[in-house]
Each structure stands twice: as C-alpha cells, then as structure tokens.
Amino acid sequence: MEVEVKGHGREFVGSWYLAEVLSTREAGGVLVQYDSLFEPMMQPLDGGESEPPAQLVEWVPLSALLPPPKPPPPGWEAHVEVGAELEALHEGGWWHVQMCMREEPGPSGEPRGFIVEAVGYAVQRAVEIEALRPRVIRP
C-alpha cells in the first residue's frame, strides 16, 4: 500500500515522502520503504566500486502516515495567486511552500514556472508546475 510519510528529524520538518508499507506491528509501528530516500552510500574499504544505495527502510509510527493525495485537476495552477500555500517536490519529498511570484509566460502563453519559498526555511527557488501541487491540509 502506498502512503506518504511525514518527515521527521530537524532537516525534514514540513516534508512528506512517498513510501510503500511493508509490514505493521500491533503496537502501531509501520515498516515502510521510501521511494526516494536512500541509505547512506558506503565506500568499499578496498577502493573498488561502491554498490548503488538501497532504498531507506524504517519503522515509523502509524500517526506519521497518510494516503497520498489525488492529483490536482488540470489547469489548477491558473487560480494560484501570490501568497498561496502549496507543496513543492524537492529531492524526492513534498515540502510546504508559499508562492512568491509567477515567471512571465512563454511565447505561446504557457506558464514557465513559479518562484516559491520553503516555509520555515526562508529559501526561495524556481519550480515548474509539474513539481507543485495544492497544499494538503493534514492533521
């Protein structure tokens, strides 16, 4: 079953990562395998080639899981205004952001992208519409 897992740890506050549920415990723990988080890469002691990193597998509390949201309807971005709270895909996770500005449309009127700021991090970056979704209000 596919779920989104709330980021934990100081560097992951405000993020959600897609994962697959592998197992559950009676005490409420859930074993998940992340789609885009990986185990640290270890360099072989003999100097040979390292193995590709394995997907991160860990136990998380049931309270850290939610079903992935449905994709937004086509054209949803046309109604997004400066100041809107959204989620942006960054390094495999969905992060809470606020839209700062729209980039000027391309020659045929298509949107080029948006400038967003990560809430709580004061970091701005440009993102394409494919890497944005409406903010999901979570408990």
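**A glutamate and its surroundings**

Guide: E87 is buried, because its relative accessible area is 3%; buried means under 20%, exposed over 50% and partly exposed in between, with a 1.4 Å probe and protein chains only. This is a predicted model, in which local features need pLDDT of at least 70, side-chain atom pairs count only at pLDDT 80 or more, and totals for chains, interfaces and linings use all residues. Residues are numbered from 1 along each chain as its sequence is written, and side-chain values use heavy atoms, with hydrogens and water left out.

Visitor: Which strand is E87 in?

Guide: E87 sits in β6, residues 85-90. Strands here are DSSP runs of E, at least two residues, and helices are runs of H or I, at least four, all numbered from the N terminus.

Visitor: What does the side chain of E87 pair with?

Guide: With the side chain of R133, through a polar contact of 2.7 Å. A polar contact is a pair of N or O atoms within 3.5 Å; within protein, one must be able to donate a hydrogen and the other to accept it, and residues adjacent in sequence count only if both atoms are side-chain atoms. A polar atom of the E87 side chain also lies 3.4 Å from the backbone nitrogen of V136.

Visitor: And what else is E87 in contact with, leaving aside neighbours within four places in sequence?

Guide: Contact means heavy atoms within 4.5 Å. The list for E87 includes W94, W95, V97, L132, P134 and R138.

Visitor: Back to R133. How far is its side chain from that of E4?

Guide: The side chains of E4 and R133 make a polar contact at 2.9 Å. E4 is in β1, residues 2-6, and it counts as buried because its relative accessibility is 3%. Beyond four places in sequence, E4 touches W16, Y17, L65, W94 and R138, among others.

Visitor: While we're in β6, is A88 buried or exposed?

Guide: A88, in β6, is buried, because its relative accessible area is 1%. Residues it touches, beyond four places in sequence, include G93, W95, R125 and A131.

Visitor: What about the box the C-alpha atoms fill, and the surface?

Guide: Along the principal axes the C-alpha atoms fill a box of roughly 50 × 45 × 25 Å. The accessible surface comes to about 9200 Å², with 58% of it on carbon and sulfur atoms; these areas come from the Shrake-Rupley method with a 1.4 Å probe, and for residues only the protein chains shown count as cover. Of the 139 residues, 31% are buried.

Visitor: Which residues have the most contacts inside the largest nonpolar core?

Guide: V3, V5, V32, Y34, V60 and L65, in a core of 13 residues. A nonpolar core is a set of buried Ala, Val, Leu, Ile, Met, Phe, Trp, Tyr and Cys residues joined through side-chain atoms within 4.5 Å. At least two residues each come from β1, β2 (15-24), β3 (29-38) and β4 (55-61). The largest share, 4 residues, is from β3. There is also a second, separate core of 11 residues, including W76, F114, V127 and L132.

Visitor: What does V60 touch?

Guide: Setting aside neighbours within four places in sequence, V60 is in contact with V5, H8, G28, G29, V30, V32, Y34 and L65.

Visitor: And P61, in β4? How far is its C-alpha from that of E49?

Guide: The two C-alpha atoms are separated by 36 Å, though P61 and E49 are 12 residues apart along the chain. P61 counts as partly exposed because its relative accessibility is 49%.

Visitor: Last topic, backbone angles. What is the phi of E91?

Guide: About 50°, a positive value although E91 is not a glycine. Most residues other than glycine have a negative phi. E91 lies in the loop between β6 and β7 (93-102), and is exposed, with a relative accessible area of 64%.

Visitor: Where is A122?

Guide: In the loop between β8 (114-118) and β9 (123-127).
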